[in-house]
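Let's take a walk through this structure together, starting with the overall layout and then zooming in on one pair of helices.

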Amino acid sequence: MSDLPELLERYRRGAEILAMSLTGAAGPELDFQTEPGKWSVRQIVCHLSDAEMVTGTRLRRIIAEDDPTLEAFNQDAWAHKLDYAKRKPSQALETFRRLRGENHDLLKDLAEETFARTGTHSERGTVSLLDLVKGGAEHAENHIRQMREVRAIYKEQRAIAKAAAAESAS
């Protein structure tokens, strides 16, 4: 029996899990960085949104074309030049949800043998449609974990600061 239905469900659920993980994040928490050069919650959500756009193009090219070339993209350049630090997380989340939903709708009814179709990634070489779906599911899951860690560290540091302020006030 194929693990494809389970993988497609993981892929689909990435948008729901991202939305749940973003619930309640606001103000300075959105822009908190655990250290200089590390991405904030805002930047992570924007990255996931843009990466899903790229993934959607790659999926479609592999489905429709014979051995297409799939160009890499420089995520740091996108974060900087597309000004992730100033974009609205709510809009990025909505874009991610819509794109992930559309990509899932495209994938869910494909014949299983379609997932063996391949393209050539400019940095990674040959990749199959199945590889892209696995990568997309894992990509969202990894960044959601990263975002949860950033939020936890922010809350921990805020609690420490509050306790120190209360102690110095007494």
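Start at the N terminus and follow the chain: its elements come in the order α-α-α-β-α-α-β-β-α. Count them up and you get six helices and three strands. Keep in mind as you look around that this is a predicted model.

Now step back and take in the whole thing. The C-alpha trace spans about 70 × 35 × 25 Å along its principal axes. Of the 170 residues in the chain, 38% are buried. The accessible surface comes to about 9700 Å², and carbon and sulfur atoms account for 51% of that. As for who touches whom, take the contacts with a separation of 6 or more: 78% of them link residues 24 or more positions apart.

Time to zoom in on two helices. Two packed helices are described by the angle between their axes and the distance between the axes. Here the pair is H1, covering residues 4-22, and H6, covering residues 129-169. Angles under 35 degrees count as roughly parallel, so H1 is roughly parallel to H6. The crossing of H1 past H6 is left-handed.

Which residues do the meeting between H1 and H6? On the H1 side they include Leu4, Leu7, Leu8, Tyr11, Gly14 and Ile17. Across from them, H6 brings in residues including Leu130, Val133, Ala137, Glu141, Ile144 and Arg151.

Terms used
Residues numbered from 1 in each chain as written. Predicted model: local features only at pLDDT ≥ 70, side-chain atom pairs only at ≥ 80, totals over all residues. Heavy atoms only, no water. Axes fitted to C-alpha atoms, helices over the stretch in contact; angles between N-to-C directions. Helix = DSSP H or I, 4+ residues; strand = E, 2+ residues; numbered from the N terminus. Parallel < 35°, antiparallel > 145°, perpendicular 65-115°, else oblique. Left-handed = near helix turned anticlockwise from the far one by under 90°. Contact = heavy atoms within 4.5 Å. Buried < 20%, exposed > 50% of the residue type's maximum accessible area, 1.4 Å probe, protein only. Areas by Shrake-Rupley, 256 points an atom, 1.4 Å probe, with all protein chains shown as cover.
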